[in-house]
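Me: I would like to go through this structure and ask what stands behind each label. Please set the values against the cut-offs as you reply.
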Amino acid sequence: MERVRLVDLFWFAGIATCIKLLLIPSYRSTDFEVHRHWLALTSSLPLSHWYSDETSPWTLDYPPLFAYFEQFLSFFAHFIDPKIVDLHEGLNYTADSVIYFQRLSVIVSDLCLYYGVYRLSRNLGFWRRKMLLVLILWSPALFIVDHMHFQYNGFLLGVLLISLSFLEEEKDLMGGFVFAILLCSKHLFAVAAPVYFVYLLRHYCGGGFVKGCGRFLMMGVAVGMVFIVAFGPFLYYGQIQQVISRMFPFGRGLCHAYWAPNFWVFYIILDKVIAFMLRKLGFNIKAPLASFTGGLVGDSSPFAVLPQVTPLVTAISVVVAMSPCLIKAWKEPRREHITRWIAYAYTCGFLFGWHVHEKASLHFVIPLAVVAVQSMEDAQHFFLLSIVSCYSMFPLLFEAKEYPIKVLLLLLHSLLMWAGFTSHFSKVKASKTSVLTRKQGEIKESRQGKYSDTAKEGVVVVGWVGMSYLLGLLVVELWGVILQPYILGDSLPFLPLMLVSIYCSLGIMYSWLWQVKWIIKYT
Amino acid sequence: MKKRRGKTDIKEGDGEDDDVWWLFQRGRFSSFLCISVFALLVRVLVSMNPYSGAGDPPKYGDYEAQRHWMEITLNTPVREWYRNTTSNNLSYWGLDYPPLTAYQSYAHSLFLDFFHPDSVALFTSRGHESSLGKLLMRLTVLSSDILIFFSAAIYFVILNYSNRGGSSKEDMAWNLAMILLNPCLILIDHGHFQYNCISLGLTLGAVAAIFSKHELVACALFSLALNHKQMSLYFAPAFFGHLLGKCLRHQNPFLRVTKLGLVVIGTFLLIWWPYLYSVNSVLEVLSRLAPFERGIYEDYVANFWCTSSILIKWKRLFTTQSLKLFSFVATMVALLPSMVQQIKAPSDKGFLYAMLNSSFSFYLFSFQVHEKSILLPLLPASLLVLEEPLLFKWLTYFGLFSMFPLLCRDQLILPYIALLLLFVLIYHSPTAKLVSRHRDIPGGWKALIMAFLLLCTSIIHVIYLVLKPPNKYPYLFEAMIMLLCCSQFVVLVAYTNIKQWKLNISTGIENEKKVQ
């Protein structure tokens, strides 16, 4: 049995690796140069200068453990081509060696993701296990973000999944320890820290005051060790202030140049609408100095009418939005719900957070895949969510060359989900109804026929509302690609992206509401 | 698999019969759609890579040839396509495929002209290279592939499945994946840049038509294939033998043959219509199609003539005229048994073997063969994959290996590795038991030899990429590749010939039994 599981994992990972290899020549964003620069930075400068160097505008803004990871990689990079890790000569270096090295480093670091998925799926039945492999290993969003756009999300999400798998197995200490590692690798994952804290406090540190205190201390030591290893050297060199300021650049503004599909999109739109109406009514409303479509935002308020949103406001709204699951985790910390709660916390962080990237939707879509194979309702929710989330990443790839790739990736993903979910849940449903009919043995045959018919038709992965919403995505896409250039020409160049943001944020909001409802009702 | 076992096994975790194609229990439609979309995705990914002759003036490569044909067909009248005129210089990539290719180029040139007129402008576009032009050209291959090859493959698999009866749905999906994800075809069409998918797709359609007993349609489709690439002639003996054999069993053989002949002649007339106004113009086109001046072999192709030239210098010892005769006789001798077998006892399975044998005979023995011609034997081998999985794997591997130097020149090593890996993974996907039993690697000395050969090839792969050949023998590694591949091809063709004749005996025995 163990062998079968490994063979399955190997097979799915192998197919994914082939696709990743084929993606090597595709488009790469500036993040590629960012990570190359970090290789050079960590390899050629002493640790005390990592967070203060300004050779390139792409300064190091990940926590220290990730910098150590880059230093580890830079060792091999130096071996392959010393120019890659040259701080000055290597700037904007685009030889084959650096492209292959960095692309392959992402592909290899995905082993961490495979291990996480393996841990999570090894005790599941055969359908769930394979479906999980399809949903995570063949996730189109991961292909787009990691293997085209270029980042190490698969690696980091792998760490998150490993942590979740420990929690699900009630190995809380390891779970907390691994999560601390994740936090020190990419601090954007800190959004779920409150949930972790409450859950571990209630679940791990229970059982009497003394025992609880002892366990609390142990957890504190484990997590503290990770933080000391990560931040200790910088503390020693007196760099800690610098590290923190680099990691939290609040000057960047509420929204990214391309608005992530979250709650603040509605807020901005509402502001614009109100300002427009007031102007019509004769009020003198000044246009805001900073604009959202112009990219970086300075200190001035970008809102015409509504109050300014500060980082504090976003932080408070995230915690408030998260509170249902915090309360639930406090009241009844049960390990079978932890993945759902963590995913929910990341959803809140995405919807209400400060300067959110569209890529951050991976943080909850990937863990939700683990939940999606549990029941039909979860599957239905996930089907819609993962399509919307992947579609919201389409603007990352704007060149014509990659257009068919992103469309086909999403199409294939939707087809696989649809085929997998319907075939499984229709069988489950059919078995239930057949058991039902067998119990009521007296029922006529015609009735039985009817039953099995309804069982076949009864499985709907997506209802008509969801379906029309998804078709709406198609309309938005057609507008952006074909209709807008014909009708409007070059005017309003930001409109297609804005439409994508607004439309996708509807879907993400729906997912958030669905998750809240589920958490309040069932956990 | 699970669906067939009924309701009792719906509980999860009964892992025994797990298979990867579990997704596709629902129906053929979704499984075919998934596989097709995946195959399309792989093609799109390969098409990002450089094409043959990219950035290599003054002649560039096959990409420039195809683009040039679009330029010529768009800007000159039909009658001058094959003629040397002021605007059509035949020494620069003159059209040397039959008229259907020219029509296809014309249709695609309209598409290019609409979106990017510069890339097909007369004279000025020679050696045109731009990212938009590349994208559009790649799109024309992709669309032809979907329209012709994909639809023919799906049609074939459905028919093959209904004919066989015994095999499961997973086998069917696997069969389709094997046909669509053949690394050689993908690399040549979407990497190197050619339109083999059209002629092979038409041939595949003809095979499917024969399987569904529509012989007239088959004749028309195969004539179209012949008119797209004259290389489709490799399959002609099989078609001829099979159809003739079937006609002879008909109530009225003569009428049947006449009907088929009329369809073939009609199709040819239709396609050659613009050139039928004079004998001269027909000869003009024909002379373009038969490049005898090129010599008996080119580069290092893994066929009989090129391989044996290590020992016997054919080109030096004999005139082209006598070599032509030799190659003709050798090819005929090699393909005759399989053709005769089909005339004697035509059967669907035997027909596929005959296609394999006749195309292999041409590949090994005919005049002026190119490395890329290995695609032709690969098509029937991929159709036979449920019968001969190991043969197909072995042939694909060595077929791909024989094109390795060519693909290296085209800078397609990365997709070469990725597609080979993908092929092996899909081939070994844990599918239904029925086929996996056949697919098991043979034991004993056979396995030993195979392992040894695999080791050799992997070493040569590395050597070819890393080492420089000695100055005295600049083509040493190519010759080694050629030798290895040719030896394998000869073994395979001997095996398939024997197999085809055994088929004859077994069906003959069955017939006798029926008579008794």
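Me: What kind of model is this?

Reply: This is a predicted model.

Me: What makes Q194(B) and K229(B) a polar contact?

Reply: The side chains of Q194(B) and K229(B) are joined at 3.4 Å. The cut-off for a pair of N or O atoms is within 3.5 Å, so the pair qualifies as a polar contact.

Me: Why is Q194(B) called buried?

Reply: The relative accessible area of Q194(B) is 7%. Buried means under 20%, so Q194(B) is buried. Its place is in the loop between α7 (183-193) and α8 (196-211) of chain B.

Me: Which residues does Q194(B) touch, leaving out those up to four places away in sequence?

Reply: Q194(B) touches D62(B), Q66(B), Y97(B), V141(B), I188(B), D189(B), K229(B) and K372(B).

Me: Is R67(B) buried or exposed, and how do you know?

Reply: R67(B) has a relative accessibility of 1%. The limit for buried is under 20%, so R67(B) counts as buried. R67(B) is found in helix α3 (residues 62-75) of chain B. Beyond four places in sequence, R67(B) touches S119(B), V120(B), S125(B), R126(B), G127(B), H128(B) and M137(B).

Me: Why is W93(B) called partly exposed?

Reply: W93(B) has a relative accessible area of 22%. Buried requires under 20% and exposed over 50%, so W93(B) falls in between and is partly exposed. W93(B) lies in the loop between α3 and α4 (99-115) of chain B.

Me: Why is H355(A) called buried?

Reply: H355(A) has a relative accessible area of 13%. With the limit for buried at under 20%, H355(A) is therefore buried.

Me: What is the peptide bond from P57(B) to P58(B), cis or trans?

Reply: The peptide bond from P57(B) to P58(B) is cis, with omega near 5°. Most peptide bonds are trans. P58(B) has its place in the loop between α2 (28-46) and α3 of chain B.

Me: Why is P233(A) called partly exposed?

Reply: The relative accessible area of P233(A) is 26%. Partly exposed lies between the buried limit, under 20%, and the exposed limit, over 50%, so P233(A) is partly exposed. P233(A) is found in helix α11 (residues 209-236) of chain A. Not counting residues up to four places away in sequence, P233(A) touches L47(A), Y68(A) and I228(A).

Me: How far apart are P233(A) and I268(A)?

Reply: P233(A) and I268(A) are 35 residues apart in sequence and 42 Å apart in space, C-alpha to C-alpha.

Me: What makes helix α5 of chain A mostly covered?

Reply: Nine of the 11 residues of helix α5 (residues 111-121) are buried. Among them are C112(A), L113(A), Y114(A) and G116(A). The buried residues of α5(A) pack against α1 (2-22), α4 (96-109), α6 (126-137), α7 (140-150), α8 (153-168) and α16 (362-372) of chain A.

Me: Why is chain A called as compact as a globular protein of its length?

Reply: The radius of gyration of chain A is 25 Å, close to the 24 Å that the globule rule gives for 523 residues, so chain A is as compact as a globular protein of that length. The C-alpha atoms of chain A fill a box of roughly 85 × 65 × 50 Å along the principal axes.

Me: How much of each chain counts as buried?

Reply: In chain A, 57% of the 523 residues count as buried. In chain B, buried residues make up 57% of the 516 residues.

How values were computed: Residues are numbered from 1 along each chain as its sequence is written. Chains are lettered from A and ligands numbered from 1 in the order in which they are written. This is a predicted model: local features need pLDDT of at least 70, side-chain atom pairs count only at pLDDT 80 or more; totals for chains, interfaces and linings use all residues. Side-chain values use heavy atoms; hydrogens and water are left out. Helices (H or I, at least four residues) and strands (E, at least two) are DSSP runs, numbered from the N terminus. Buried means under 20% relative accessible area, exposed over 50%, partly exposed in between (1.4 Å probe, protein chains only). A polar contact is a pair of N or O atoms within 3.5 Å; within protein, one must be able to donate a hydrogen and the other to accept it, and residues adjacent in sequence count only if both atoms are side-chain atoms. Contact means heavy atoms within 4.5 Å. The radius of gyration is taken over C-alpha atoms; the globule rule is 2.2 Å times the number of residues to the power 0.38.
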